[in-house]
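Here are some quick notes on the charged side chains in this one. Have the model open while you go through them.

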Amino acid sequence: MRNSDFNVLSVRMNSVQFQICNNDYEGEIETEVSSQYALADSGENQAKAEMEIKIFPDAEKTAPFRITLKIEGIFAWNDPIPPQDIKDFMKINAMALLYSYARPIVTQLTCSAACNPLFLPMMNFVDENEK
């Protein structure tokens with residue numbers, strides 16, 4: 001194991017929307033995760049990754065709540081790194097890191113609203129990268 005050539009410069013939550021709908025729900029948790037990244041225009045070996053997580057995105061009155069969370073991170077690396085390695089890092093590692101920041105935020109939101117705590121499942125971003 002070795003240290004990564006990539007560094008996390010910052011991670012922040014951009015926005016969160018939380019709406020209570022109905023506390024009596026026993027179905028499966030519905031989630032949508034979308035993500036994107038863009039390389040810095042300045043050639044500074046930086047990229048910004050953004051992730052949006054929607055929980056019960058098409059919630060009807062039967063869902064316990066609705067959450068939309070947007071989180072972003074700024075990542076940097078040292079020269080030289082092949083472009084494909086940068087692409088793989090941003091699609092897999094950066095997204096996994098942002099998701100790991102978002103998971104406890106969602107749990108805390110649901111606890112603070114006196115709902116049953118929601119623990120988002122782990123996600124495999126490697127499979128997503130292969131599509």
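1. Start with lysine 70: its relative accessible area is 37%, so it counts as partly exposed (buried is under 20%, exposed over 50%, partly exposed in between; 1.4 Å probe, protein chains only). Its side chain meets that of glutamate 52 in a salt bridge, 3.6 Å from N to O (a side-chain nitrogen of Lys or Arg within 4 Å of a carboxyl oxygen of Asp or Glu). Glutamate 52 sits in strand E3 and lysine 70 in strand E4, so the pair ties together parts 18 residues apart in sequence (strands are DSSP runs of E, at least two residues, numbered from the N terminus).

2. A word on ground rules: this is a predicted model, where local features need pLDDT of at least 70, side-chain atom pairs count only at pLDDT 80 or more, and totals for chains, interfaces and linings use all residues. Residues are numbered from 1 along each chain as its sequence is written, and side-chain values use heavy atoms, leaving out hydrogens and water.

3. Which side chain meets that of arginine 12 in a salt bridge? Glutamate 72 does, at 3.0 Å from N to O. Arginine 12 is in strand E1 and glutamate 72 in strand E4 (residues 65–77), so this pair joins parts 60 residues apart in sequence.

4. Glutamate 72 is buried, at 8% relative accessible area. The side chain of glutamate 72 also meets that of lysine 48 in a salt bridge (3.5 Å, N to O). Lysine 48, in strand E3 (residues 46–55), is 24 residues away from glutamate 72, and lysine 48 is partly exposed at 33%.

5. Zooming out, Arg12, Lys48, Glu50 and Glu72 are linked in a salt-bridge network. The whole structure has six salt bridges.

Terms used. Helices (H or I, at least four residues) and strands (E, at least two) are DSSP runs, numbered from the N terminus.
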